[in-house]
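Reader: Please show me the model, and then let us go through the contact between its chains and one residue.

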Amino acid sequence: MTDISPKERLDRALLGKPTDRAPVVCPGGMMNAAIVDVMNKTGHTLPEAHHDADKMSDLAFDVYENTGFENFGIPFCMTVEAEALGSAVDFGSLECEPKIQKEIFPSVHDAVYLPIGAIEKTLRAGSVIQAIHMLSAKHLDVPVIGSLTGPISAAASLIDPMTFLKQLRREKETSHKVIDYVVNQLISYAKLMADNGAAVISIADPTATGEILGPKFFDEYAVCYLNKITDAIHEIGVPVIIHICGDVRMVKPQLQKLHGDVLSVDAFVELKQLKTELGEMRTMGNLSTYLLEFGKADEIFNQAKHLTTKGIDVLAPACGLSTSTPSENIAAFTTAVKEG
Amino acid sequence: MAKTKQELYDELSAAVIDMDEELSAALSAEAVEAGLDAFETIDQGLAKGMEQAGQLFDEGEYFVPELLMCADALNAGVDILEPHIKTEERAQAHKIVIGVIQGDTHDIGKNLVKLMLSSSGFDVIDLGRDVPPDVFVERAIAQGAKIIMISSLMTTTMDGMTEVVRLLTQKGVRDEIKVAVGGGPVSQGFANKIGADGYSYNANQAVKLANELVGR
C-alpha cells in the first residue's frame, strides 16, 4: 500500500478499510483552512474567492499545497445556503470569515418556501459547484470535500435563532416543516456537489450541539435531519463526515444513531474513548485549534504524533481554524501525521 | 384574600420555571392589584424562579430552548410589574456592558448571559454582536458600567478581548471597570493570561461572577 493516493486513503479511512496510515484533512466550510498566511503568499485572496469559481479553486489549491492537508475543502464559509435562501450576508475580509448579517425570517411562521433547487441556482453556489468540478477533474488523486452547513445551523441562519430555539419546543410542527424544507434544499445542493466530483460531503452543524439543544431535541431535530441528508447522499454512493461541536457527553446515545461514516468532534472530547462507544461509525479529529494558532510548531508536532497513536481514523483540526493560524503550525501538524 | 404574599411569590416562581407566560402575567397583575411591592415581587417571585431555572440549566435538566422560554415568562411578568417599581429602588442596579467581540456573530451565549443578568437585577447594556474593542470601552465609560462582559465563540476573535483590557489600562480606568470573558474557546487560563477579572463557562455562572465582581 505504498503508492496509495490521498483520495483512496481518505475513502478507505472513511469506510473503515485498511490504509497505510490515517489521512489528515480539513473539510472547508466551518473548518476553513484558507488562512491569511497562505493568501498573502499566493495572492489568491478572500473575500473575492467566495464568489468566483476560478479564484475559489486557485485558493483551495494554494491551501492544499501550503498546509499539507490531503484534500481540497470548499466553500470557505457557511453562508452559501442561507444567502441563497434569503438571508443577508456580510462577506468579511481577508482575515474575517463571512457571516449572516441578518436572518431573513423573524419566526418559523414567516418562512417563505422556495422551489427545491434554489441554492444551486445562485451565483455563489454555482461557483462552488464549478470549483468542485474543476478541482476534481484536474487533480484526480486528491479528494474534494464539499462542505455543507448542517440542517439546524442553516435553519437558524434563516430564522432569528433566539426565536427559532424556543419554537423548536413551542411550535414543533412548523419547526419541523421549516427544517425539512431546508434539508430538502441541502440535499439537492449536496447531490450536485457530488455529481460534479466531490468525493466526500462534510456536514458541520454548530448550532446543533447537546449543550444548546439538550439530548431530547438533539435527537428529535439534529439526529433526524442529519440522517435524512446522510441517507440521501449515501444513496448516490458518497461518504459523509458529520461534525458536532462542543461537549458531546450528554448526547452519546444519540450520536450512536447518526448514519454518517465518520464523526468529527471538538478538542476536549477523548476520541479513543468515544470510538469504543460509537459502534460502526469512524472518528475524526481533533487537534486543538487554539494550540494550532498559539502553540509552537514543535508542541503541535508532538501533540499530533500523540493523536496518531489513538486509533483516530481521520486526523483533522478539532473545530474552525483561526484565519491567523501560522502556516508553519499547520505544516507541523500534517507532517507529523504523514511521518506516521 | 386567601393567598398569602409568599404563596403568590411561589406561584410566580413556578410560572417562570414552568415557562408559562400567561400565568406569569396574570399572577403579576394579581400582585399589582393586591398592592404588593413591585420590586419585591420581581425579586422574590419572578427572579427566584429564573434563578431556579438557571439551576436546572446547570444541572442539565434545562437547555437553551427551555431557558429562553423561562425568560419569556419572566419578562411577561416584569412588563406588568415594572411600571409600578418605586424610583429609589430603580437606581440601585449595577450597569454591565455586554457584547460579542468583533469578527464573531454567534450570540446565543451572549443573549443567555444577558437575560440571566437582567433577571438578577443588573442593568444590562447590550452592544450586540461584532463589537470592536474600543466600543466596549467607550460605552462602559460613558454609561458608568461596573463590568464589561465579552463573549467569543471563535478562536479568531479572542485577541479582541486582550485589546479591551489593554484599552482600559491605557485610559486609566482599569481599576473601576471589571472585565469578564466567556464563550466556547475561552477558558479560565485564557482569562488569567489576558488579565481579565473573571471567566464563566455558562450563563448561570455568569450571574454568580457578576455578583462577585460588584461585591454583592
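Reader: How many residue pairs are in polar contact between chain A and chain B?

Author: This is a predicted model in which local features need pLDDT of at least 70 and side-chain atom pairs count only at pLDDT 80 or more, while totals for chains, interfaces and linings use all residues. Residues are numbered from 1 along each chain as its sequence is written, chains are lettered from A and ligands numbered from 1 in the order in which they are written, and side-chain values use heavy atoms, with hydrogens and water left out. A polar contact is a pair of N or O atoms within 3.5 Å, where within protein one must be able to donate a hydrogen and the other to accept it, and residues adjacent in sequence count only if both atoms are side-chain atoms. With both residues at pLDDT 80 or more, the count between chain A and chain B is six.

Reader: Which helix supplies the largest share of the side of chain A that touches chain B?

Author: Helices (H or I, at least four residues) and strands (E, at least two) are DSSP runs, numbered from the N terminus. At least two residues each come from β3 (99-102), α7 (161-170), α9 (210-235) and α12 (289-294) of chain A. The largest share, seven residues, is that of α9(A).

Reader: Is A:S157 buried or exposed?

Author: A:S157 lies in the loop between α6 (151-156) and α7 of chain A. Buried means under 20% relative accessible area, exposed over 50% and partly exposed in between (1.4 Å probe, protein chains only). Because its relative accessibility is 11%, A:S157 counts as buried.
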